[in-house]
Amino acid sequence: MAETVTLTDNRNGKNYTFDILEATKGQDVIDIRTLFKETGMFTYDPGFTSTASCSSSITFIDGGKGELRYRGYAIEDLALNKSYLEVCYLLLNGELPTFDELKSYDYELRKRAYVHEGLKNLFYSFPDNAHPMAMMSSAVSALSAFYSEHIKMDRAEDIKIMRRRLLAKVPTLAAFAYRRSLGIPFIYPDLERSFTENFLYMMHAYPGQHLKIPDVQVRALDTIFTLHADHEQNASTTVVRSVASTGAHPYAAITAGINALWGRAHGGANESVIAQLEYIGSVDRVDEFIARTKDPEDDFRLMGFGHRVYKNFDPRAKILKKLLDELKHELGVDSELLNIAEKIERVALNDDYFISRHLYPNIDFYSGLILTALKIPKSMFTIIFVIGRTAGWLAQWIEFMQDSEKKIARPRQRYIGSTEKSI
Ligand code: CMC
């Protein structure tokens with residue numbers, strides 16, 4: 001028999017019983033789908049702090065333990081031993097690829113990295129100072145015009161091609177957005193290069209230049225992509241699922257995810273972290289900014305700190321910090337910014353304000369230092385997040401579409417406006 005919980009309405013003593021649905025790992029959930037029908041009331045949970053919006057078998061997080069797993073594999077194992085492409089395959093297919101599967105997947109993605117020549121015109125129509133994220137979300141949305149057969153996703157084969165197209169073309173569009181922001185010629189994908197090397201090549205090469213991208217740079221960025229690849233029902237993924245729930249096509253859903261990611265509280269934090277470190281400017285000023293963070297009259301927040309789910313540490317930040325320590329000399333990391341970041345971390349981790357609120361450095365705290373060393377400008381940081389997260393958004397989109405219990409996302413509200421008025 002299913003375990004249950006009982007809710008008592010103290011106004012009339014009525015009891016209502018709800019099933020508990022077991023999770024394979026982590027929190028079980030109370031199935032309240034009949035709550036409104038039975039009680040005539042809704043639940044109230046702004047920001048969904050206690051709400052599971054779906055069942056999922058893609059990513060597991062234990063925020064208390066600082067545990068993150070994709071399809072059961074610990075993020076530490078994947079970051080150390082597998083490439084981002086293998087992680088994409090894992091997220092999208094449920095299992096890691098064999099040697100032959102990886103080879104053909106890699107080949108498929110390489111040949112799909114080119115974009116329709118007409119799409120280039122879109123980039124020319126943006127003003128010089130357009131933010132690369134604005135170009136990126138428009139370009140991904142525009143893919144639906146160039147691959148319109150994907151607007152109806154009735155055939156499994158179309159879905160397979162769509163997800164490969166998106167994964168393969170997103171880095172090309174990202175590099176085009178960057179090059180348009182500088183007004184320099186676009187560099188086409190090079191079939192001879194791996195996924196991550198190709199992106200760095202399209203960012204940094206000049207036409208005709210056989211630019212060698214150092215392996216250490218490829219390894220660092222590939223790890224960053226892996227760490228960003230999925231994070232269960234975060235804000236942008238929730239948006240992707242919500243848009244998918246209306247029946248809109250996958251390009252619309254992923255574009256909505258990109259736009260949700262842009263915010264400072266989410267993926268936009270990585271750009272703000274470096275801007276903030278630059279603004280602080282010196283280790284001597286760290287205490288002043290820590291004091292501002294704690295001042296209730298000041299709305300200053302330390303960017304790259306805190307997380308809705310991680311209340312002990314963010315395992316992705318730990319991996320990045322280790323990577324940064326290992327590679328800082330080879331990559332040429334800015335030592336002044338690193339010193340400021342390390343001092344902030346040291347002071348914050350020993351300060352009661354941060355300890356009592358469980359505020360620790362998150363993934364965005366250290367990623368920007370590595371990206372800066374890779375000569376990627378701040379304005380491109382959230383796009384790097386987009387490239388990594390596209391795999392997760394696609395996996396979540398597929399899972400949603402295959403879910404027999406899916407419904408249009410349509411929350412209700414607690415109305416607190418005027419009662420009836422007449423003119
Ligand atoms: N600096 C200073 N105080 C903070 C911070 C911070 N970065 N984050 C949270 N707090 C305080 C907040 O003021 C509140 O204090 P009080 O209880 O006195 O009102 C308390 O901690 C709880 O904060 P919250 O905003 O209710 O927590 P949340 O779970 O709703 O928000 C968050 C999580 C990530 C939006 C928030 O911590 C934040 O704004 N962090 C800075 C932005 C950032 O780094 N975002 C990247 C998140 S990781 C990448 C990703 O997944 O997108």
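Glu 108 counts as buried at 17% relative accessibility, where buried means under 20% relative accessible area, exposed over 50% and partly exposed in between, with a 1.4 Å probe and protein chains only. Its side chain meets that of Arg 164 in a salt bridge (3.5 Å, N to O), a term that stands for a side-chain nitrogen of Lys or Arg within 4 Å of a carboxyl oxygen of Asp or Glu. Glu 108 sits in helix α4 and Arg 164 in helix α7, so the pair ties together parts that are 56 residues apart in sequence. Helices (H or I, at least four residues) and strands (E, at least two) are DSSP runs, numbered from the N terminus. Arg 164 is buried too, with a relative accessible area of 15%. Through salt bridges that share partners, Glu 108, Lys 111, Arg 112 and Arg 164 join into one network.

A word on what you are looking at: this is a predicted model, in which local features need pLDDT of at least 70 and side-chain atom pairs count only at pLDDT 80 or more, while totals for chains, interfaces and linings use all residues. Residues are numbered from 1 along each chain as its sequence is written, and side-chain values use heavy atoms, with hydrogens and water left out.

Let us stay with the charged pairs for a moment. The structure holds 27 salt bridges. One of them joins Arg 193 and Asp 190 (2.9 Å, N to O), and both of these residues are buried. Another links Arg 69 with Glu 67, the closest N and O atoms being 2.6 Å apart.

A search of the whole structure finds 2 cavities of 30 Å³ or more. On a 1 Å grid over the protein atoms alone, a cavity is a set of points where a 1.4 Å probe fits but cannot get out, and a pocket is an open set with protein on both sides within 12 Å along at least five of seven lines; lining residues have an atom within 4 Å of a point. Grid points are joined across faces, edges and corners, and a volume is the space filled by probe spheres set on the points.

The largest cavity has a volume of about 100 Å³. It is lined by 13 residues, of which Leu 109, Ala 113, Ala 168, Phe 195 and Asn 198 lie nearest its centre. The elements giving two or more residues to this lining are α4 (99-111), α7 (156-182) and α8 (195-204), and the largest share, 4 residues, comes from α8. By class, the lining has 7 nonpolar, 3 polar and 3 charged residues; Ala, Val, Leu, Ile, Met, Phe, Trp, Tyr, Cys and Pro count as nonpolar, Asp, Glu, Lys and Arg as charged, and the others, Gly among them, as polar.

The second largest cavity has a volume of about 40 Å³. Its lining includes Gly 306, His 307, Tyr 310 and Asp 314, along with His 358 and Tyr 360. In class terms, this lining has 4 nonpolar, 4 polar and 1 charged residues.

Helices α2 (75-81), α9 (215-228) and α14 (315-331) each supply at least two lining residues, with the largest share, 5 residues, coming from α14. The lining of the second largest pocket has 5 nonpolar, 4 polar and 7 charged residues.

Helix α3 (residues 84-93) is next: 9 of its 10 residues are buried, so the helix is largely enclosed by the rest of the structure. Among the buried ones are Tyr 84, Glu 86, Cys 88 and Leu 92. Just after α3, Gly 94 takes a positive phi of about 95°.

Two residues other than glycine also have positive phi values. For Arg 71, phi is near 50°; this residue lies in the loop between β5 (67-70) and β6 (73-74) and is partly exposed at 23% relative accessibility. For Lys 375, phi is near 60°; Lys 375 lies in the loop between α17 (363-373) and α18 (381-402) and is exposed at 61%.
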